[in-house]
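Here are my notes on this one, in the order I worked through them. Have the viewer open as you read.

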Amino acid sequence: MPVTYILVLSALLFSIGVYGVLARANAVLILLSIELMLNSVNINLVAFSAMLQESGIPGQVFALFVITVAAAEVGIGLAIVILIFRNRSSVDVDEMSLMKW
Amino acid sequence: MAETWQLVIFWLLAVIIIGSAIRVVTTGNLVHAALYLVGTLMGAAALYLLLLAEFIAWVQVLVYVGAIVVLMLFGLMLTRAPIGKGEFDNNQRPLAGVVALAVFVVSSAILVDAFEGKEINLSTAADPSVEALGEAIFSTYVLPFEVVSVLLLAALVGAIVLARKD
């Protein structure tokens, strides 16, 4: 299987995530789009790991690290979103202009 | 013959992954967005199985589908966002489409240019066993592994401190 198929698939998934981050206004939906982008990176890492065969183990190790960091990011992100909701009764990122000068 | 089946399964998974990813960023229903994300994540897990990365595939199912999506659904419920139909997009949708298209064209052009003609040979690939993966994590990559443990602890403490009521 040509490795470029998988690379283009993950590039497409990444750009869908970019669209989601830019076009969505709800903070939780933005977090969902970030998950899409992290997943496309993982697909790339595993594809290169399969391409390099025996010497490709580091690709899988780094995919595991990315999954762990994604889990930590979601935990903190949702805590922040819940805190903002408690203080402002809204998770619309267009209304979060408190720190804008 | 095996090569043909691999390609058929790959295209099937690609359609599932991209189709549900597009629904994640376009659907007007919050809960549906999280459930379509499950489709994308399960498709990616199946793709990892196709690429002989079985441990990553099951970690993906456990951590992403089992924990992260459930956490997202809790976040949607706790923020009492209007469950059901609604408008969750801002007014920069056309601009976002242009930027996303530019990202896709540039990154895929660079990747195709760099890796044109490289093949993944799944038939002769030595199954990279979980044993080899564990050995790599606990020998070469033991320092990043420990740093990631501290990161998870910091995230745990940070989430509790942020979200609890005083």
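How do α2(A) and α3(A) run relative to each other, roughly parallel or roughly antiparallel?

1. Bear in mind that this is a predicted model. The scores are ipTM 0.89 and pTM 0.90. For chain B, the average pLDDT is 86, and 92% of the residues score at least 70.

2. Back to the opening question. The axes of α2(A) and α3(A) cross at roughly 175° and come within 8 Å. Angles over 145 degrees count as roughly antiparallel, so α2(A) and α3(A) are roughly antiparallel to each other.

3. If you want to pick out that helix pair's contact, α2(A) contributes residues including A:L31, A:L38, A:L45 and A:F48. From α3(A), look for A:F62, A:V66, A:I67 and A:V74, among others. By class, the contact of α2(A) with α3(A) has 16 nonpolar, five polar and one charged residues.

4. Now the contact between the chains: chain A puts in 65 residues and chain B 74 residues. On the side of chain A that touches chain B, α1 (3–23), α2 (27–51) and α3 (57–88) each supply at least two residues. The largest share of that side comes from α3(A), with 23 residues.

5. What is the class make-up of the side of chain A that touches chain B? There are 48 nonpolar residues, along with 13 polar and four charged ones.

Key:
Residues are numbered from 1 along each chain as its sequence is written. Chains are lettered from A and ligands numbered from 1 in the order in which they are written. This is a predicted model: local features need pLDDT of at least 70, side-chain atom pairs count only at pLDDT 80 or more; totals for chains, interfaces and linings use all residues. Two residues are in contact if their C-beta atoms, placed from the backbone, lie within 7 Å. Helices (H or I, at least four residues) and strands (E, at least two) are DSSP runs, numbered from the N terminus. Ala, Val, Leu, Ile, Met, Phe, Trp, Tyr, Cys and Pro count as nonpolar, Asp, Glu, Lys and Arg as charged, and the others, Gly among them, as polar. Axes are lines fitted to C-alpha atoms, for helices over the stretch in contact, and angles run from 0 to 180 degrees between N-to-C directions. Angles under 35 degrees count as roughly parallel, over 145 as roughly antiparallel, 65 to 115 as roughly perpendicular and the rest as oblique. pLDDT is the predictor's confidence in each residue, from 0 to 100.
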